[in-house]
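The sequence and structure come next.

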Amino acid sequence: MAAATAPGPKAPPGESGGPAASALSMERIQSLTDLADLEAAYSRLCEEEKVVQEELDALLEQQSTIENKMVALHRMGPNLQLIEGDAQQLAGMVTFTCNLAENVSSKVRQLDLAKNRLYQAIQRADDILDLKFCMDGVQTALRNEDYEQAAAHIHRYLSLDKSVIELSRQGKEGGIIDANLKLLQEAEQRLKTIVTEKFDTAMKQGDLPQVERFFKIFPLLGLHEEGLSKFSEYLCKQVANKAEENLQLVMGTDMSDRRAAVIFADTLTLLFEGIARIVETHQPIVETYYGPGRLYTLIKHLQVECDRQVEKVVDKFIKERDYHRQFQQVQNSMMRSSSAEKIEPRELDPILTEVTLMNARSELYLRFIKRRIIADFEVGDAMASEEVKQEHQKYLDKLLNNCLLSCTMQELIGYYITMEQYFMRETVNKAVAMDSYEKGQLTSSMVDDVFYIVKKCIGRALSSSSIDCLCAMINHSTTELESDFREVLYNKLKQGFPATTFQDFQRGVTSAVNIMHSSLQQGKFDTKGIESTDEAKQSFLVTLNNVEVCSENIMTLKKTLESDCSKLLSQGFGGEQAQAKIESCLSDMAAVSNKFRDLLQEGLNELNSTAIKPQVKPWINLFLSVSHNIEEEEFSDYEANDPWVQQFIVNLEQQMTEFKAGLSPVIYDTLTGLMTSLIAIELEKVLLKSTFSRLGGLQFDKELRSLIAYLTTVTTWTIRDKFARLSQMATILNLERVTEILDYWGPNSGPLTWRLTPAEVRQVLALRIDFRSEDIKRLRL
């Protein structure tokens, strides 16, 4: 009970390192008077004593481990003292090394400072010596008229550090240096004057070696812009003289000459080639003596002269070719439909070709100039800031887009587009008016003629190398095909496929009054009779072929243009939006091709409804006249003498022979597909009006198989899908009992997908005369 009687306050949990103090204080124990409370307190204190005892036992068990650790620590004491000594010794060595390094580095800094001052002193001495050398050398060179050497001395003088020269002037020899500087400055001005005069004299005399000699001296004297300007002036005179000479040759060219039709384009080509040759020849000189980035200045001056000469050539072209008058005449013709004042399209052909050639040469020249300037700027701007690069790009864009050459060509192309549109429209109209058909051919002449014209016009626009011009002509071609030419074909198909008198008799129309009445109602009555009807039929079939070929030709033209435009863009023609513009135009062509496809489908539907359906429907209705409620005897007779399907196949063969000869394979195949769908629909209708015995169902199954086998041979379309419902009806009609349908229905259908609804299945089952309606109604489908 010692633990219970020990006084002391309660220790907070977690603060004491030993066992927790008793929860019962002495005062609390002394205040207890009730026996039950005393027993409870005693019991609680006993439990606490037990816990304390367990903790003491646990500590005593660890005594040996703790004693071993203490022994190990005592043994480590001497070693720790040695480590402490070594650490102090190492710290001393590090401190010594640090101080030594600091002393060495301070000495090195002093040496470096002394070295720099020595270099500065040597540089100053060298500059003073160079100054003296330059002064003596330039005087000697000028006396000997060695202007290159004199310029080299002046260049060395101009390259000296001005601050060093200023310091030198403040020294003991300041007076001598001032005198040298004054002499050098006078020599500089004198040399500049001499070089300018000599250059001007050489330029007047046309002495190219002397011109190039003094051109190379200008940058040594710091006269980069003046040198380039004067050299450009000389080159421009050369360009102007050669261009004037070429223009005079043009004016004297005989019109029978082989190149007479494109003589102005050839003249521009010579001009551009001359300038390109000048740039190629003198670019290395400019880069070597004036540095990279200076070629732009030279080309800028040359382009001004180029613009002047282009203006002269184009003015002569407009005057000699009567370009503006012809454009005005074309514009008037397009606004007025009267043919009296219309210009003959053939007259425009050579002019349009020459304009596109002129523009193509201009685009090629501008692309050459752009490539050369960009390459020069890239070298010159290698270390320049982004702002400088963007500024140079703006200079280039302004030079190329705002030069007179670009503006003039844009104006010519603007006129060209209108005239080319007129040429295309008028020649297409002529091709339509002169349309002819040769026996044995599937299409008429106008299809090939029209697409030859369209390809020629687009090809000519493509040859101009102008993306905007090409896109404009693609759009005009698309409009011409979609609106005008498609309308011609639509009107031909709108006349419909005529029904002949022979066909009317086959349909049972025996009255002449009824024949005439029917013809008048359809708007197809023609006094020429059967002969003119045959021509109308042929015309309708040829038009269908024409529509199909047009759709194919448009897609072929689109693919060709995609390839040609890709080559054009890969050569660097067109701006950033060129690809998007071309794709938009070509997508419109694909849409027009689809419209021709739609027109073809309309024509086929018309042919199907006017020529095939009136024939096929009565042949199918004959099925009703053949009984399928038969016994063994009739079944055997039907097997020997087919009552319906063989004759039906013969009739179909005879009818489709005419179309097979007159239609292209693709259209004939599509028409056969329409006929097949019609047969399936109509045969299903008459089937549901018939009644069948077990053998009658078997007979129908044979007839259906024969029909499917025949149709499979005459078309590439999938036939079985169209006859799936009929095949399933034949299966139902061949059942031996009503409940047998459950072997094929629902979970028992296997891979078979039923096209018939439960109601339709019951309807087909009801066609069997031997199936009771009660059994059919009881089926759970």
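## Salt bridges

The side chains of K230 and D200 form a salt bridge, 3.2 Å from N to O; the term requires a side-chain nitrogen of Lys or Arg within 4 Å of a carboxyl oxygen of Asp or Glu. K230 is in helix α9 (residues 224–251) and D200 in helix α7 (residues 174–205), 30 residues apart. Helices here are DSSP runs of H or I with at least four residues, numbered from the N terminus. K230 is buried at 15% relative accessibility, while D200, at 24%, is partly exposed. Buried means under 20% relative accessible area, exposed over 50%, and partly exposed in between, with a 1.4 Å probe and protein chains only.

This is a predicted model, in which local features need pLDDT of at least 70 and side-chain atom pairs pLDDT 80 or more, whereas totals for chains, interfaces and linings use all residues. Residues are numbered from 1 along each chain as its sequence is written, and side-chain values use heavy atoms, leaving out hydrogens and water.

## Other bridges and a network

The structure holds 31 salt bridges. One of them joins K456 and D349 at 2.9 Å, N to O. K456 lies in helix α16 (residues 445–463) and D349 in helix α13 (residues 345–380), so this pair ties together parts 107 residues apart in sequence. K456 is partly exposed at 28% relative accessibility.

R597 and E552 also meet in a salt bridge (2.0 Å, N to O). The pair links helix α21 (residues 578–621), which holds R597, to helix α20 (residues 530–570), which holds E552, 45 residues apart. R597 has 32% relative accessibility and counts as partly exposed; E552, at 35%, is partly exposed. Through shared partners, salt bridges join D349, E420, K456 and R460 into one network.

## Aromatic rings

Aromatic pairs number 19, counting rings of Phe, Tyr and Trp (its six-membered ring) with centres within 6.5 Å; planes under 30 degrees apart are stacked, over 60 edge-to-face, and the rest tilted. F317 and Y323 have ring centres 5.3 Å apart and planes at 50°, so the pair is tilted. Both residues, F317 and Y323, are buried.

M656 is touched by T672 (contact: heavy atoms within 4.5 Å), a residue of helix α24 (residues 665–687). T672 is buried at 0% relative accessibility.

Key. Helix = DSSP H or I, 4+ residues; strand = E, 2+ residues; numbered from the N terminus. Lists of a residue's contacts leave out its neighbours within four places in sequence.
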